[in-house]
Amino acid sequence: MIARAMKYCIKTTFRHSPFWSLALAVVSAVSALSVLVNVRVLERMIDGLSGGTGNPKVFLAIIFWIVSVLAMNLSLLSGKYINIHINADMEKNFMPTVIDKYAMIEYRHFESKGTQDLFYHVNASSYGDIVAVLNTVLNILSAAITIVEIIYVFSHAVLWLGAVIVVLMAPLLYFDLSAAYIEMRQRWTMTKDIRKRYYFQSLFADENALQEIKVFNSKDYFINESEKLTQSINKDLKRNIGRVAKNKLCIAAILCLFSLLVVGASSLMIAANQMRLGTFVILISSIGVFVSAEQRLASGLSSAVRISENVNILLRLLELDEVGDGDGTTDEAAPENAGRAVNAPENAPASFPENAPEIVRKNEAVIEFERVSFSYPETENVVLNDVSFTVKRGETVSFVGVNGSGKSTIIKLLCGLYKPDGGTIRINGRDVSKLSPSQLAKELSVVFQDGQHYMLSLRENVGLGNIAGLDNDGLLKDALAAAGVRDLFQLEKGLDQKLGTLYADAVNLSGGQWQRVIIARAFAKPADVIIFDEPTSSLDPIAECEMYNTIHNSLLKAGRTAILISHRLASCVVSDRIMVLRDGRICECGSHGELMNANGYYAEMFLKQQSWYK
Ligand code: ADP
């Protein structure tokens with residue numbers, strides 16, 4: 001696993017920043033090799049100064065020594081400079097790949113608890129880990145080269161001392177690696193608790209949660225829960241610190257014994273005139289070089305294990321299934337423009353002109369569900385069972401049913417977030433499973449229940465539904481007017497008024513106003529079909545009724561096809577057709593009047609809800 005992550009990181013950095021990655025490798029090699037030059041030159045210098053060799057050689061040795069010290073320091077400085085360039089190249093060339101991947105990952109992964117930890121670990125600076133692995137690998141190599149150089153220096157002076165280092169490397173590496181693994185395991189087991197604690201703490205920064213916490217006086221509960229998690233995390237930390245410390249103590253003991261051995265043996269040899277002064281000095285100073293190289297090796301190995309684990313998490317994320325790219329082809333029976341009305345061309349206008357003539361309804365299917373069955377992955381429950389229906393151009397169709405009857409699932413399938421287990425779903429005659437995400441995105445616009453309140457300008461809040469139209473004031477104003485918030489662009493700064501709470505001059509909106517801005521965002525997109533997924537759940541019945549009248553009038557004027565999901569049946573009364581879901585099937589279908597006359601399940605639900613308001 002570690003080798004795989006390392007290979008990936010080295011390949012990725014060399015691919016996205018070839019020049020600077022190579023430069024970093026060269027600089028690391030120079031830094032590692034200059035140790036041997038430095039030690040050997042120091043030996044010559046001391047021997048020369050103590051009269052062992054002639055003066056010209058001493059002079060040369062001094063120059064070499066200065067050059068080697070300079071090389072070591074320069075490589076350290078240039079390493080930092082080179083890393084800035086590698087990081088910049090990675091941000092420019094690699095990050096778009098990760099962001100693309102996020103957009104392409106199959107939706108079921110976002111709903112899976114199993115992959116939540118992955119998302120928690122991978123963040124916007126993941127490329128930093130990839131660059132860090134390259135640095136770590138080079139550090140390990142450079143420390144290893146230094147150790148080989150030191151072995152050479154010792155063997156050259158006293159052969160058996162070189163052999164001792166070779167033997168000692170085995171236990172040293174063992175203790176280094178086991179400390180690194182303890183740290184890695186600790187991180188992974190603590191993730192779940194850390195994520196839970198983060199959730200509890202983030203509640204205090206969430207406007208909605210904070211309101212509830214105040215009203216229900218639940219502050220102490222969350223503080224206590226968070227405290228319990230902190231205690232459990234700290235307990236784990238302490239236990240593991242103890243284990244790591246044992247390994248580190250063993251390493252320190254080995255290094256101490258080795259230092260004593262070198263000092264003792266070389267002192268005896270120099271006293272017996274069996275060693276030159278230069279050799280004695282370099283052996284003593286090489287102890288420090290060896291200890292620091294061993295520490296670099298240990299921290300390199302520990303970082304390699306830790307960061308490789310991060311990279312493996314990133315790799316797992318990059319390997320998650322993507323939404324099928326679709327074959328991009330059009331069915332023979334359904335050419336590119338099949339199903340489009342003559343008066344609803346490919347780039348249907350997104351505006352809602354006040355006096356637009358009502359669009360003549362064509363009797364053509366825009367949405368078709370043909371014998372669709374579906375269960376969520378890894379579950380037994382059949383949510384949709386052989387469901388078939390058609391929505392025609394310009395129609396407004398409502399789906400109703402009790403909680404859990406499958407209304408949102410129909411929307412998720414239509415948006416291509418899940419694939420049906422059986423049957424076919426078509427939009428404008430084209431099989432949804434064969435459309436690429438971008439092809440499908442062109443067809444649909446959605447108003448989500450918890451649509452995003454962007455802490456940005458009014459222009460961005462609406463224009464993010466149709467980026468090409470961000471500067472098209474007419475389009476944005478029409479969308480706002482269609483959503484019933486014409487007054488918003490009369491704010492002091494017009495469309496450029498900042499909304500929310502992020503900016504000092506921002507204006508915050510009421511729940512109803514935000515909801516209408518979210519609807520305007522969906523209207524701004526020139527898609528054939530607009531889906532409203534419980535868009536008014538946060539509004540009171542009067543505001544909801546007004547909102548639905550606005551939506552219906554605007555849809556009618558623009559000739560848009562719409563699907564509505566609402567738990568309040570009164571909001572569906574004006575829909576052209578209502579489909580009633582029960583036990584995974586459509587049990588009734590018709591206009592409000594037809595369904596009431598039929599006096600079935602819908603009528604029963606409607607009358608029950610109506611009685612609440614009497
Ligand atoms: P509705 O929108 O009508 O309230 P849903 O379509 O959300 O109903 O849910 C239909 C059924 O599917 C419910 O039984 C629900 O528990 C189940 N369900 C919804 N989402 C998931 C999911 N991601 N994984 C497993 N089961 C799910």
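Visitor: What is the length of helix H19, and what span is expected?

Guide: Helix H19 covers residues 601-612, and its 12 residues reach 17 Å from first C-alpha to last, close to the 16 Å expected at 1.5 Å a residue. The expected span is 1.5 Å times one less than the number of residues. Helices (H or I, at least four residues) and strands (E, at least two) are DSSP runs, numbered from the N terminus. This is a predicted model, in which local features need pLDDT of at least 70 and side-chain atom pairs count only at pLDDT 80 or more, while totals for chains, interfaces and linings use all residues. Residues are numbered from 1 along each chain as its sequence is written, and side-chain values use heavy atoms, leaving out hydrogens and water.

Visitor: Is Met605 buried or exposed?

Guide: Met605, in helix H19, counts as buried because its relative accessibility is 14%. Buried means under 20% relative accessible area, exposed over 50%, and partly exposed in between (1.4 Å probe, protein chains only).

Visitor: Which residues is Met605 in contact with, beyond four places in sequence?

Guide: They are Val400, Gly401, Val402, Leu569 and Val580; contact means heavy atoms within 4.5 Å.

Visitor: New topic: how many salt bridges are there?

Guide: The count is 15, a salt bridge being a side-chain nitrogen of Lys or Arg within 4 Å of a carboxyl oxygen of Asp or Glu. One of them joins Asp47 and Arg276 (2.9 Å, N to O). That pair links distant parts of the chain, 229 residues apart.

Visitor: And how accessible is Asp47?

Guide: Asp47 is buried, at 5% relative accessible area, whereas Arg276 is exposed, at 51%.
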